[in-house]
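This briefing covers strand pairing, helix packing and the surroundings of the ligand. Please consult the sequence and the model alongside the points below.

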Amino acid sequence: MQLLDGKVVSAAIIQQLKSKVDDRKQKGLKTPHLAAILVGSNGASETYVASKVRHCEQIGFDSTLIRLDDNISEETLLQEIEKLNQDNDVDGILVQLPLPKHIKESKVIEAINADKDVDGFHPVSAGNLMLGLPSFIPATPYGIMLMLEHYNIPTAGKHAVVIGRSNIVGRPMSVLLSGQSKYGNCTVTLCHSKTDDLKKHTLQADIIVAALGKPGFLKGDMVKEGAIIIDVGITRVEDSTKKSGFAIKGDVDFAEVAPKSGYITPVPGGVGLMTIGALMTNTLQACERMHG
Ligand SMILES: Nc1nc2c(c(=O)[nH]1)N[C@@H](CN(C=O)c1ccc(C(=O)N[C@@H](CCC(=O)O)C(=O)O)cc1)CN2
């Protein structure tokens, strides 16, 4: 079993991005600029957005953080997005999810200019990805592809089982793994909560991507020897032994599955950490497309 270490891969990607940005600055090219909107005061969202801003500073990107009150109207949020759409200095826009219940997520995502949609959640980005056209790829599936690339794990001809059909992880993951690329060309089965006999599918898988949000769901008797296991789960569960009061749990029962696996991502320290590098790569791409 080999551990796929998100900390190591993510640090390498951040370093590469920093070199590219230093190079751009030396050539007098535009500095990439990421704008993030955070609505309300969800603890996890605060942590993730703070990390995004910190990484912008580390790489040398400009960043703008717009904090809005929990009870802000949908209309005001849409106006804030429009200001960022119109701002030629802003290359990438993200609205941290989840949003308060009174705001319709799809409306907010669709309001972002697709050329600045560095989260890759906009229908135009999703459509381009599906058609195999240049696209912003959502951070989690993109991070997984960057991880396969870093460890040079061959995927062509393999059977991949993706568990979870969300628009931001499961569906794009199935498109990427089945696509015609060096770390694609898999035969993909997309499973979900209504799949009959899930174990029958996972036992046939060479690659399993667990993205269903159920801590410890994938057990040792559900995987075949040597399978590649990618754990996307990041559920916070109470844990009084931790200073924070909670622990992060993945969708994979690591103790049972790791000894049987060929490669496995840990939680924490796996896929979650890759998402920042993926987002920053999209932001640089947005800047390059718009300003050269
Ligand atoms: N606009 C967006 N909202 C959300 C996204 C997103 O990509 N765009 N994804 C998630 C949250 N997220 C980034 O925003 C994110 C989640 C997890 C991690 C991460 O580093 N996880 C660590 C554990 C960190 C912890 O202690 O909480 C790990 O897995 O090792 C980074 C970013 C939902 N919202």
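Strand β8 and strand β11 (residues 263-264) pair in the parallel sense over 2 bridges; strands here are DSSP runs of E with at least two residues, helices are runs of H or I with at least four residues, and both are numbered from the N terminus. Two strands count as paired if DSSP finds at least two bridges between them. The model is predicted: local features need pLDDT of at least 70, side-chain atom pairs count only at pLDDT 80 or more, and totals for chains, interfaces and linings use all residues. Residues are numbered from 1 along each chain as its sequence is written.

**Strands β5 and β6**

- Strand β5 (residues 159-163) is mostly covered, with 4 of its 5 residues buried.
- β5 and strand β6 (residues 187-191) run parallel and are joined by 5 bridges; V162 stands opposite L190 in β6.

- Three strands form an open sheet in the order β3-β2-β4, with parallel pairing.
- Its edge strands, β3 (62-68) and β4, each pair on one side only.
- From one strand to the next, the twist averages 15°; axes are lines fitted to C-alpha atoms, for helices over the stretch in contact, and angles run from 0 to 180 degrees between N-to-C directions.
- Strand β2 (residues 33-39) pairs with β4 in the parallel sense over 4 bridges, and L34 stands opposite G92 in β4.
- Helix α2 packs on this sheet and touches β2 and β3, its direction making about 165° with that of β2; residues are in contact if their C-beta atoms, placed from the backbone, lie within 7 Å.

**Packing of helix α1**

- Helices α1 and α2 pack at an angle of about 50°, their axes 8 Å apart.
- That angle makes α1 oblique to α2 (under 35 degrees counts as roughly parallel, over 145 as roughly antiparallel, 65 to 115 as roughly perpendicular and the rest as oblique).
- In this contact, I14, L17, K18 and V21 of α1 meet H55, Q58 and I59 of α2.
- The contact of α1 with α2 has 4 nonpolar, 2 polar and 1 charged residues; Ala, Val, Leu, Ile, Met, Phe, Trp, Tyr, Cys and Pro count as nonpolar, Asp, Glu, Lys and Arg as charged, and the others, Gly among them, as polar.
- The axes of α1 (residues 6-26) and α6 (residues 139-150) come within 10 Å and cross at roughly 95°; α1 and α6 are therefore roughly perpendicular to each other.
- Here V9, A12 and I13 of α1 meet L146, M147 and H150 of α6, and the contact has 5 nonpolar, 1 polar and no charged residues.

**Ligand shell**

- The ligand is surrounded by 18 residues, the closest being Y48, L97, A139, P268 and G272; a residue is near a molecule or strand if its C-beta atom, placed from the backbone, lies within 6 Å of it.
- The shell divides into 11 nonpolar, 6 polar and 1 charged residues.
- At least two residues of the shell come from each of α2 (43-59), β4 (92-95) and α10 (271-291).

Conventions. Contact = placed C-beta atoms within 7 Å. Buried ≥ 20, exposed ≤ 12 C-beta atoms within 10 Å, placed from the backbone.
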